[in-house]
Amino acid sequence: MVRNKKREITQQTFVCFKEGLRLKKHLKKVHRKREPRALTRCGCKAFIRVSFVGETARWQVKDFLDTHIYEMLAAKYIGISRYIKICMNVTLFK
């Protein structure tokens, strides 16, 4: 997020929710009290950067990278994706 002298937001970057990686120290812990969380980050580099144009008083796309490194879910399954994950976890651990 970039602000001007008046503290108004002039630029914002939105990244993929799978951006980044978990720290290695959390993966190598031997003495755990709880089960480790599922790995959800895969280092995806997709993002969109928008900037505010003062003359037109509108937001403008400045940069866009849409190369996700993981397989996307088909649009017709997005509404039930959470249900599918729950069902798969239940059947896998029985």
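Biologist: In this predicted model, which strand holds Ser-51?
Modeller: The protein chain has two helices and four strands, and along the sequence they follow the pattern β-β-α-β-β-α. The strand that runs over residues 47-53 is strand 3, and the element in which Ser-51 lies is strand 3.

Biologist: Is Ser-51 buried or exposed?
Modeller: Leaving aside neighbours within four places in sequence, Ser-51 is in contact with Thr-10, Gln-11, Arg-58, Trp-59, Gln-60 and Lys-62. A residue counts as buried when its relative accessible area is under 20%. The relative accessibility of Ser-51 is 13%, and therefore this residue counts as buried.

Biologist: Which residue of strand 3 is the bridge partner of Gln-11?
Modeller: Strand 2 covers residues 9-15, and five bridges join this strand to strand 3, with the two running antiparallel. Gln-11 is also one of the residues that Ser-51 contacts. In strand 3, the bridge partner of Gln-11 is Ser-51.

Biologist: Which residue in the turn between strand 3 and strand 4 has a positive phi?
Modeller: Strand 4 covers residues 58-65, and this strand pairs with strand 3 in the antiparallel sense over seven bridges. Within that pairing, Phe-52 stands opposite Trp-59 in strand 4. The two strands form a hairpin with four residues between them, and the residue in the turn with a positive phi, about 55°, is Ala-57.

Biologist: What separation do the C-alpha atoms of Ala-46 and His-68 have?
Modeller: Ala-46 is found in the loop between helix 1 (24-27) and strand 3, and with a relative accessible area of 5% this residue is buried. Not counting residues up to four places away in sequence, Ala-46 touches Val-15, Cys-16, Leu-65, Thr-67 and His-68. Although Ala-46 and His-68 are 22 residues apart along the chain, their C-alpha atoms are separated by 5.6 Å.

Biologist: How many charged residues are there in the lining of the second largest pocket?
Modeller: This pocket has a volume of about 290 Å³, and the residues that line the pocket are Arg-22, His-26, Lys-29, Arg-32, Lys-33, Arg-34, Glu-35, Pro-36 and Arg-37. Sorted by class, the lining has one nonpolar residue and one polar residue, while the number of charged residues is seven.

Biologist: What share of the residues in the protein chain is buried?
Modeller: The accessible surface of the protein chain comes to about 9100 Å², and 57% of this area belongs to carbon and sulfur atoms. Of the 94 residues in the protein chain, the buried ones make up 11%.

Conventions
Residues numbered from 1 in each chain as written. Predicted model: local features only at pLDDT ≥ 70, side-chain atom pairs only at ≥ 80, totals over all residues. Heavy atoms only, no water. 1 Å grid on protein atoms, 1.4 Å probe; cavity = no way out; pocket = protein on both sides within 12 Å on 5 of 7 lines; lining within 4 Å. Points joined across faces, edges and corners; volume = space filled by probe spheres on them. Nonpolar A, V, L, I, M, F, W, Y, C, P; charged D, E, K, R; others polar. Pairing = 2+ DSSP bridges. Buried < 20%, exposed > 50% of the residue type's maximum accessible area, 1.4 Å probe, protein only. Areas by Shrake-Rupley, 256 points an atom, 1.4 Å probe, with all protein chains shown as cover. Contact = heavy atoms within 4.5 Å.
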